[in-house]
Amino acid sequence: CNINVIFAKHLLEIDMKRILNILLCLGIFLHVSAATALAAPSWPTGVEIEADGGIVMANSGAILYGKNIHTQYFPASITKLLTALIIIENCDLNDMVTFSENAVYNVEEGSTSAGYDTGDQATVRNCLYAMVLKSANEAANALAEHAAGSIDAFADMMNEEALRLGATGTHFVNPHGLNDPDHYTTAYDLYLIFNEALKYPVFRQIVGTTAYTANYHNKNSEPSLLYTYPSPRD
């Protein structure tokens, strides 16, 4: 009986020591955590960016920084983010795209091009790389015609997709972003569009690529190589 009592006493002592150690460690952890929390730097104030509008958002959707986030601006080639999203959602990447005369030449003179000509053929995938990496306007036009039959019809798809995503301050009239008074968006809307596009692995792969060489067939059906980025003239 005495042995049992002593054994129980020792067990109690051991358990109490463990409990005290746990409490001590917990107390230190809480103290360190509290000190760290108190010492954590606050969100910087007086942050400025050179752009007229901009936004930084957390994964939760919380706005960490904003400047004129709902003001409408001309997006220029950032337009191609929405074009890429719609193409990825609606087209087979292995389908062949034929470049029409309208796709190649219905752009501003001197605007960015990947070098495609009327009658050339390339896969949807290669056109996406040319459009995103090289910012090729004729590739954007050709993809739009391939997906919707015409640039105007594709613009309707763009505006429908923008509204679906909640981008209510956006209105697009072309797939490439060359200036038009009726072509505009906001920093907040661009976040919504880009965030949706990032859900697609192929989009992440394309925007994460620094150099790409595309195969295509020229207007004479001869196989050719197209250096989308960087090109020999860059």
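**Briefing: a loop serine, ring pairs and a nonpolar core**

S135 sits in the loop that runs between α4 (124-133) and α5 (137-148). Helices (H or I, at least four residues) and strands (E, at least two) are DSSP runs, numbered from the N terminus. The model is predicted: local features need pLDDT of at least 70, side-chain atom pairs count only at pLDDT 80 or more, and totals for chains, interfaces and linings use all residues. Residues are numbered from 1 along each chain as its sequence is written, and side-chain values use heavy atoms, with hydrogens and water left out.

**S135**

- S135 counts as buried because its relative accessible area is 18%; buried means under 20%, exposed over 50%, and partly exposed in between (1.4 Å probe, protein chains only).
- The side chains of S135 and K80 are joined by a polar contact of 3.2 Å.
- A polar contact is a pair of N or O atoms within 3.5 Å; within protein, one must be able to donate a hydrogen and the other to accept it, and residues adjacent in sequence count only if both atoms are side-chain atoms.
- Not counting residues up to four places away in sequence, S135 touches S77, K80, T112 and A130, where contact means heavy atoms within 4.5 Å.

**Aromatic pairs**

- There are 4 aromatic pairs in the structure.
- F99 and Y116 form a stacked pair, with 4.2 Å centre to centre and 20° between the planes.
- This pair links distant parts of the chain, 17 residues apart: F99 is in the loop between β3 (96-98) and α3 (101-105), and Y116 is in the loop between α3 and β4 (121-123).
- Both F99 and Y116 are buried.
- Y129 and Y212 also form a stacked pair, at 3.7 Å centre to centre and 5° between the planes.
- That pair links Y129 in helix α4 with Y212 in strand β5 (residues 212-217), 83 residues apart.
- Rings of Phe, Tyr and Trp (its six-membered ring) pair if their centres lie within 6.5 Å; planes under 30 degrees apart count as stacked, over 60 as edge-to-face and the rest as tilted.

**Nonpolar core**

- The largest nonpolar core has 42 residues, of which Y116, V124, L128 and L143 touch the most other members.
- Such a core is a set of buried Ala, Val, Leu, Ile, Met, Phe, Trp, Tyr and Cys residues joined through side-chain atoms within 4.5 Å.
- Among the contacts of V124, not counting residues up to four places away in sequence, are I87, L93, V97 and L143.
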